[in-house]
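Open the structure in your viewer and keep the selection tool at hand. The tour goes from a whole chain down to single residues, one selection at a time.

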Amino acid sequence: MAVAPDVPSSSLPETPAARRARAFWQGLKELTRNPFGAVGLVIVVLFFLSALFAPYLTPYDPYALDVPSRLARPSFEHLLGTDQLGRDTFTRVLYGGRIAMQLALVAVTAALVIGLVLGMIAGYGPRWLDSILILVFDTLRSFPTIIMGLAIVAVTQPSLTVIMVIFVLHAAPAFGRIARTQTMALKNTEFILAEKSLGARTPLVLTRHMMPNVLGPLLILAAMDVPVVVTVEAGLSFLGLGIQPPTASWGGILKEGYSVLRETPWLVIAGGMPLVLTTLGFTFLGEALRDSFDPKLREAR
Amino acid sequence: MLQEGISRRDLMLGAGVLTAGCLTGEVIYAQGRTILRSRNKADIESLDPLTMGTTQEREVMTATLPRLARVVTTGGAYDWEPSVYVESFEIVDDTTIAFKLKPGFNWSSDFGELTAEDVKYSFERAKGDSQWKDKWAAFDRVEVTGEYSGNIVLAYPFPAFTLTVLAHGMACVVSRAAVEAAGGKYTVEMPATCGPYMVKEWIPKQRMSLVPDPQWPGEKPDFDEVQAILVAEITAAELAYEAGELDVTQISPEGFLRYEEALPAGSAIANAGHLNYAWLGMNTEHPKLSDIRVRKAIQHAIDVDTALQAGFSGSVIKANGIIPPGLAGHREKSGYDYDPEKARAVLAEAGVSGLELDLKTMNLPERLVIAQVFQANLAAVGIKVNIIPLEVGTYWNQGREKKGEEWKDLQIYLTRFGGGLDPSGYVNWFVKEQIGNWNWERWTDPEFEELYLAAAKESDTEKRAEMYLRMQQIMEDTGAYVWLWHDPESFIHRTAIVPSIVPGGEFEYAYFKKA
């Protein structure tokens with residue numbers, strides 16, 4: 001969203017904030033016109049709403065055991081059946097969404113913030129610091145996520161926090177790389193040079209003038225990374241190294257379902273469908289955001 | 001795997017026979033030959049009694065090498081009988097067993113006849129330099145009294161010696177001449193065999209094939225070939241069975257439940273003994289659990305029936321101690337009941353509140369389900385439980401001092417051991433010298449130690465049973481145990497086969513019959 005240098009002159013002078021707002025609304029309009037984008041947006045909104053209002057959408061306690069009702073098939077009473085401990089699977093899917101939402105918000109935001117800060121420092125700072133940070137980014141990126149996760153869990157204990165740390169270590173370098181590239185592209189542009197010649201201090205230049213322009217592509221990447229963090233959680237939980245029982249998580253539901261797959265496939269379907277939908281939703285949304293807000297793509301169209 | 005020289009017509013015929021076999025529950029009849037296909041869960045690494053270690057290795061050994069005794073189950077109890085190689089077998093006194101071999105059993109590769117010298121060589125070799133030498137501790141020597149006869153002399157009385165040692169694969173007899181010619185040791189290439197079957201071929205990572213030994217003087221085996229096919233994953237073995245690729249295989253607890261509901265056509269389920277035992281253990285030295293009242297409260301807080309229903313749908317036997325049904329000392333009832341009110345009261349009396357415990361378990365589906373029941377049970381009495389699932393190797397290091405520092409923070413754990421055919425093989429893990437190794441509960445009791453030594457030598461079955469009952473009572477009184485289950489080794493097989501499976505879950509191929 002490097003809007004400053006590209007904005008055409010108009011009759012009335014437009015402030016940078018107004019320019020960004022106009023670009024945002026324009027992008028949003030394009031997003032909703034894109035069918036995939038609209039579908040993605042609906043799925044994402046439903047994802048957040050169902051997670052937020054989970055306690056109001058089901059009468060069941062996700063942790064209450066009812067062993068005599070174990071492995072019940074789907075019915076009006078239990079929309080997605082019950083698990084091995086007789087817990088309502090639909091309820092656990094909804095509450096599993098809360099874990100996914102926490103991961104999406106906290107881990108992705110943390111990765112974005114860390115990547116943004118380090119990337120801007122790398123791009124704006126001295127060359128030796130850039131070299132060190134790039135080395136760190138590339139080293140972290142060279143580890144396959146699940147392998148790194150297994151190594152970390154082996155020396156800690158599995159928990160939601162650990163999953164978040166694993167994801168941040170995995171994703172922050174990607175954010176950092178993009179932030180660095182954007183910063184390097186911007187730091188010699190006329191409006192930045194003008195600010196500096198007027199005596200603006202580096203923190204002000206970075207936070208007020210560069211960050212808004214660097215942030216755009218990172219937000220698109222963040223949307224695309226939500227399915228990644230959700231599947232990292234599912235993968236680790238499936239291996240028994242993620243969210244621990246009795247906390248409901250989609251990966252945990254998949255794991256429990258896998259062991260009784262041939263007796264009742266409902267658990268695997270119940271754990272797998274939200275993963276598929278969330279992945280599709282955020283991917284569609286991310287792609288559409290990129291199409292809408294990337295000025296180069298917009299110009300190409 | 002297709003063999004060389006098989007024509008397309010043979011292939012079509014084989015496919016037709018295989019399909020028909022699958023549909024009718026028949027074993028394969030290929031060109032007039034009957035082939036029994038069983039599952040090997042791991043590859044063969046050694047067929048030498050000195051170094052063999054796994055079930056599947058013993059399965060091959062007991063089909064190809066002589067033994068003096070074999071295990072039989074009579075009225076739900078485990079006993080032994082002299083093997084087909086033995087003409088007479090007599091317990092002379094507490095430390096002497098006299099045996100006489102039948103003449104006419106010849107070793108392959110022209111290594112002569114099976115003699116008492118072979119028995120002496122095999123047993124004394126096993127005692128001296130074997131990974132089973134602990135099991136041979138009671139054995140002293142063999143005195144050869146004739147070409148076919150001898151006396152097995154024990155160092156001290158051990159009434160279970162025949163059942164636990166002589167009837168086990170570790171007591172397979174090898175040909176002295178053949179093994180010495182091979183340099184005193186061997187691995188998979190057996191220098192000589194003397195059994196109903198002989199090894200036809202071993203394809204590493206694929207299968208072991210046995211065929212009847214043409215010079216076997218006894219009853220001819222029912223099958224023209226036994227193929228022990230490597231299928232490591234148990235669920236894959238179940239699928240292979242359903243696809244007609246196997247005729248007999250062990251099945252998982254989930255598979256057992258599934259097959260009980262809907263058995264494949266032409267199939268039956270066989271259960272070997274319930275020789276495994278599981279419990280919820282507590283580290284008595286851990287500060288959170290050092291007060292016996294806390295441990296007793298946990299005993300009362302756990303709803304074992306519900307846990308077993310959730311984990312196994314009732315397909316296992318509820319345990320009331322460590323010794324399973326069929327063995328001397330099996331307990332019919334434990335000394336505590338599920339009573340959450342009492343658990344709360346005992347905790348209050350101990351002045352404990354806000355207790356948080358780590359429950360370690362192997363990362364297996366049924367264990368995690370059961371652990372969650374415990375988590376809910378303990379939450380109901382005010383104890384927060386964090387379930388920590390661990391991979392198999394990591395789990396078994398948790399209480400062992402040689403394996404790291406984890407034992408220091410070990411709190412409660414869901415664990416399961418497998419035992420043998422004598423109660424001595426169950427209680428031995430809980431003696432004082434096992435603290436830091438397998439006695440993860442880390443308690444000791446002088447009376448338990450005395451009983452352990454005395455019971456192993458006691459020849460009166462009733463007195464022995466009383467001793468083992470008392471030992472389990474001592475264990476329970478520590479508060480460190482919640483007895484959980486005895487699970488069976490379960491198998492599915494074609495109805496065209498009558499399998500022979502020893503209580504520990506090993507196939508006796510020589511005794512498999514066609515129905």
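The stops below say what to select and what is there. Keep in mind throughout that this is a predicted model.

**Stop 1: chain B as a whole**

DSSP assigns 15 helices and 22 strands to chain B. Its radius of gyration is 25 Å, close to the 24 Å that the globule rule gives for 515 residues, so chain B is as compact as a globular protein of that length. Of the 515 residues in chain B, 46% are buried. Now consider the contacts in chain B with a separation of 6 or more: 68% of them join residues 24 or more positions apart.

**Stop 2: where the chains meet**

Show chain A as well. Here 14 residues of chain A are in contact with 17 residues of chain B. On the chain A side, the touching residues divide into 6 nonpolar, 5 polar and 3 charged.

**Stop 3: the cores**

Select W279(B), F374(B), V482(B) and L484(B). These have the most contacts inside the largest nonpolar core, which has 142 residues. Which helix of chain B gives the most to this core? It is α11, residues 365–380, with 8 residues. Next, select F374(B) alone and look around it. Apart from residues up to four places away in sequence, F374(B) touches L280(B), I302(B), A307(B), L359(B) and V385(B). Then move to V44(A), V108(A), V228(A) and A270(A), which are included in a second, separate core of 63 residues.

**Stop 4: helix α14 of chain B**

Select residues 446–457 of chain B, which form helix α14. At 1.5 Å a residue, these 12 residues should span 16 Å, and the end C-alpha atoms are 18 Å apart, which agrees. Which residues of α14(B) are buried? They are F448(B), L451(B), A455(B) and A456(B). These residues cover an arc of only 120° around the axis, which puts them on the same side of α14(B). An α-helix has 3.6 residues a turn, so residues three or four places apart point the same way. Colour P446(B), E450(B), L453(B) and A454(B) differently: they are exposed, on the other side of α14(B). The buried residues of α14(B) pack against α13 (424–427) and α15 (461–477) of chain B.

**Stop 5: helix α15 of chain B**

Select α15(B) next. Its 17 residues should span 24 Å at 1.5 Å a residue, and its end C-alpha atoms are 24 Å apart, which agrees. Show the side chains of R464(B), M467(B), Y468(B), M471(B), Q472(B), M475(B) and E476(B), which are buried. The buried residues of α15(B) pack against α13, α14 and β19 (481–486) of chain B. After α15(B) comes G479(B), whose phi is positive, near 75°.

**Stop 6: K384(B)**

Finish with K384(B), in strand β17 (residues 384–390) of chain B. Is K384(B) buried or exposed? It is exposed, because a residue counts as exposed when 12 or fewer other C-beta atoms lie within 10 Å of its own, and K384(B) has 11. Leaving aside neighbours within four places in sequence, K384(B) is in contact with E356(B) and A379(B).

Technical notes
Residues are numbered from 1 along each chain as its sequence is written. Chains are lettered from A and ligands numbered from 1 in the order in which they are written. This is a predicted model: local features need pLDDT of at least 70, side-chain atom pairs count only at pLDDT 80 or more; totals for chains, interfaces and linings use all residues. Helices (H or I, at least four residues) and strands (E, at least two) are DSSP runs, numbered from the N terminus. The expected span of a helix is 1.5 Å times one less than its number of residues. A residue is buried if 20 or more other C-beta atoms lie within 10 Å of its own, exposed if 12 or fewer, and partly exposed in between; C-beta atoms are placed from the backbone. The arc is that of the directions from the helix axis to the C-beta atoms. Two residues are in contact if their C-beta atoms, placed from the backbone, lie within 7 Å. Ala, Val, Leu, Ile, Met, Phe, Trp, Tyr, Cys and Pro count as nonpolar, Asp, Glu, Lys and Arg as charged, and the others, Gly among them, as polar. The radius of gyration is taken over C-alpha atoms; the globule rule is 2.2 Å times the number of residues to the power 0.38. A nonpolar core is a set of buried Ala, Val, Leu, Ile, Met, Phe, Trp, Tyr and Cys residues joined through C-beta atoms within 7 Å.
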